[in-house]
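Please keep the sequence and the model in view while reading.

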Amino acid sequence: MSDALINNVVHSIRKKLSAPAAASRSRRKRSISEPSRLWTPGQNLRISFVDQTEDDVKKAIFAAASEWLEYANLQFERVDDEDATAEIRIGPENASFSLQGTQSMQQEGASMLIGCPPGHDLFEHTVLHEFGHALGLHHEHQHPEANIPWDLEALRSLIRGILADEGVPDEEIEDKMEAELADNFLPMPQENLKVLPYDPESIMHYAVLQTHTLGDYETGLNLRLSEKDKQAARTLYPGR
Ligand SMILES: [Zn+2]
């Protein structure tokens, strides 16, 4: 087990906790994609940075994200900073998070955070994963057919610890912990979702740690778009 894997799992939960507006409205947000949150194929998505100063970071994020455009029939256009009308609004790098697809048009402020600097081992993973959410994708490990043998008590204690660190009052921790567990780990019901076959190699899949599962089960972190990620991008945004 490497620190990178632990960091990824913890980080992935933390990003939801740092964006309460999104987390509280997103109980059904984690699994493949919901057609109502997809952009229109061929659409131009404007990208604006919010409260970010380093141009090298902005350029690196834009370049890494653009890999999706080899497969998805969409355009990314970098527009002025602090443009509240942009479809994707990327805030400072204190956590990783993204609203899902067109959810960004219903909420104000940053729609995405990239909590990993260029040059870090997980930078490309983080950008591709968060932009996957921005294109409308859910977490692949929450696929209805993923069948991951999670150790629920281990996950609960992990989440409780993070909530306590975040300063959540004791009396709220149990309710919030169950919500985080459902939002981030548990399989999603299939209705209203567009579901492609389960892909354990997806960029949208968390690393699964041995300590968070029952029996002998773990998966590493996927660092690149899988063949099925590319296929999903082509299927959801045809015409490339
Ligand atoms: Zn995610």
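The bend at a residue is the angle between axes fitted to the seven residues ending there and the seven starting there. The model is a predicted one, in which local features need pLDDT of at least 70 and side-chain atom pairs count only at pLDDT 80 or more, while totals for chains, interfaces and linings use all residues. Residues are numbered from 1 along each chain as its sequence is written, and side-chain values use heavy atoms, with hydrogens and water left out. Helices (H or I, at least four residues) and strands (E, at least two) are DSSP runs, numbered from the N terminus.

**Helix α6**
- Helix α6 covers residues 170-184 and bends by about 25° at Lys-176.

- Five strands form an open sheet of mixed pairing, in the order β2-β1-β3-β5-β4; two strands pair if DSSP finds at least two bridges between them.
- The edge strands, β2 and β4 (97-98), each pair on one side only.
- Strand β1 (residues 44-49) pairs with β2 in the parallel sense over four bridges.
- Leu-45 has Phe-76 in β2 as its bridge partner.

**Asn-73**
- Asn-73 lies in the loop between α3 (55-65) and β2 (75-78).
- Asn-73 counts as buried because its relative accessibility is 14%.
- Beyond its neighbours within four places in sequence, Asn-73 is in contact (heavy atoms within 4.5 Å) with residues including Pro-41, Gln-43, Tyr-237 and Arg-240.

Methods
Buried < 20%, exposed > 50% of the residue type's maximum accessible area, 1.4 Å probe, protein only. Expected span 1.5 Å × (residues − 1).
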